[in-house]
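This report is written for someone meeting the structure for the first time. Please look over the sequence and the model before reading on.

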Amino acid sequence: MHQVLGGGKAPSIHALCPYGALESLYALLFTGSFIKKIYSGTVVLLALTVTLGILFRRSFCGLLCPFGALQELFGKIRQKLFKKRFIIPPQVDKVARYLKYFILVLTIGMAWYYGSLWMSPYDPYSAYSHLSSAAGSIEEDPFTIIGFVLLAITLIGSFLYDRFFCKYLCPAGAFYAIIGKISPTKIKRDDNLCVHCKKCDKSCPVNIEVEKLDQVTTAECLNCNECVLACPVKGALEIKTAKKTIHPMVMLLMVVGLFFGTIFIAQLTGNFEVLPKALEQGEIIPIYEVKGYDTIEDAAVKTGLSLEEVYQQLGIPAGVSKSTKFKDISAEFPEFAFDAAKEKAGGESSSKTTLTETPSSSENATGLVDVSGIKGSMSIQEAMDTLAMDAPTFYTLFKIPENVPAQTLLKEISTVSPGYDFQQVKESLQ
């Protein structure tokens with residue numbers, strides 16, 4: 001839907017992925033704002049899946065995750081074709097399972113440090129959701145090809161080995177595995193009833209040897225309940241939550257009901273935003289904030305510029321129709337690079353504006369920067385936009401440490417970098 005309808009009408013995969021909210025958590029706690037592409041609805045999804053993890057272990061992974069479903073589909077295709085199950089040697093498997101925890105620490109650390117969805121270009125799930133625009137995505141950001149390569153590896157891996165990505169690479173799965181360790185839900189095996197047929201072992205998508213355990217407490221368990229459903233003896237394997245036995249179908253209904261019921265309530269109460277807020281009447285945005293899903297005509301309306309000015313400022317070839325989306329221009333004119341055009345027009349990553357170059361509108365006749373309009377309630381990014389400065393210049397001017405995210409409010413920089421005094425720095429510049 002996002003690819004067909006566009007980003008203004010259907011949410012991106014990032015807005016619908018709970019892991020995105022975890023990546024945004026640092027910025028939300030210390031600056032009160034979300035990182036780009038994350039909204040309140042994403043935080044609702046994170047809180048909801050954490051709740052599911054506490055109550056029912058990795059039930060989101062086992063019963064709801066669409067990327068898990070994609071892996072299962074490829075696994076079922078293999079079963080139909082080969083009637084065989086392949087298993088990675090135990091010595092390799094045991095070590096490889098720790099890789100997802102390393103990826104968890106790496107991706108969260110980098111996202112918190114840079115204040116952005118750092119993992120996005122390398123995310124196979126993001127690549128999957130952009131298959132219809134793969135060429136454009138790679139052209140926009142060459143590193144995105146890594147995400148598509150990892151997607152191919154994931155699908156081939158899942159064809160050969162059940163839940164390949166879940167077992168070895170998924171940082172969200174690692175996070176829910178840690179949360180699930182405190183859950184009261186577990187699968188218990190009654191050795192007096194067990195006939196040791198090992199059907200439970202054969203049905204487990206993450207290769208847990210259920211037949212050897214009295215109860216399944218490993219963090220690897222997805223709570224998919226396939227083992228319980230495969231067991232031929234009633235009562236030999238049961239799902240237990242706080243000593244209460246729960247039927248797999250009841251568990252499924254509880255998880256699905258809690259998940260979608262909470263989302264429905266959040267939507268009714270206006271707490272499930274997954275799209276950018278529509279511009280209010282008369283509100284305009286800088287031209288470098290237009291999106292790839294906007295048409296040239298949309299950009300003129302949003303920026304308050306004439307069509308001619310939009311074409312001129314973004315360097316759009318004259319033969320492009322005004323109804324063309326920016327992300328589609330390169331298909332007709334390969335030399336047009338949308339991000340580069342926005343930078344040239346004064347985007348946030350543009351490097352053309354420095355203190356030693358042509359004075360901007362924020363500079364006075366003496367060449368000094370007028371910082372009187374910069375308030376502590378502004379984020380660093382908002383202040384940079386106000387002064388039309390690039391990040392290196394602004395950070396240098398205001399003596400802000402490089403590790404402070406651009407979403408941080410100026411008055412709250414001291415919470416990230418103790419000893420920094422915004423008001424004192426501002427006064428020294430006036």
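Lys94 is found in helix 6, which covers residues 90–96, where helices are DSSP runs of H or I with at least four residues, strands are runs of E with at least two, and both are numbered from the N terminus. The model is a predicted one, in which local features need pLDDT of at least 70 and side-chain atom pairs count only at pLDDT 80 or more, while totals for chains, interfaces and linings use all residues. Residues are numbered from 1 along each chain as its sequence is written, and side-chain values use heavy atoms, with hydrogens and water left out.

Lys94 counts as exposed, with a relative accessibility of 61%, whereas Arg78 is buried, at a relative accessible area of 0%; here buried means under 20% relative accessible area, exposed means over 50%, and partly exposed lies in between, with a 1.4 Å probe and protein chains only. Although Lys94 and Tyr168 are 74 residues apart in sequence, their C-alpha atoms are 9.7 Å apart in space. Arg78 belongs to helix 5, residues 66–82, and, leaving aside residues up to four places away in sequence, Arg78 touches several residues, among them Lys83, Phe86, Ser158, Tyr161 and Asp162, contact meaning heavy atoms within 4.5 Å.

Two packed helices are described by the angle between their axes and the distance between the axes. Helix 3 (residues 40–56) and helix 12 (residues 171–180) pack at about 45°, with axes 8 Å apart; axes are lines fitted to C-alpha atoms, for helices over the stretch in contact, and angles run from 0 to 180 degrees between N-to-C directions. Helix 3 and helix 12 are therefore oblique to each other, since angles under 35 degrees count as roughly parallel, over 145 as roughly antiparallel, 65 to 115 as roughly perpendicular and the rest as oblique. In this pair, Leu46, Thr49, Val50, Gly53 and Ile54 of helix 3 meet Phe175, Tyr176, Ile179 and Gly180 of helix 12.

An open sheet of four strands has the order 2-1-3-4 with antiparallel pairing, and two strands pair if DSSP finds at least two bridges between them.

Strand 3 (residues 237–241) runs antiparallel to strand 4 and is joined to it by three bridges, and Thr241 has Lys244 in strand 4 as its bridge partner. Helix 15 (residues 248–268) lies across strand 1 (185–189), strand 3 and strand 4, at about 85° to strand 4.
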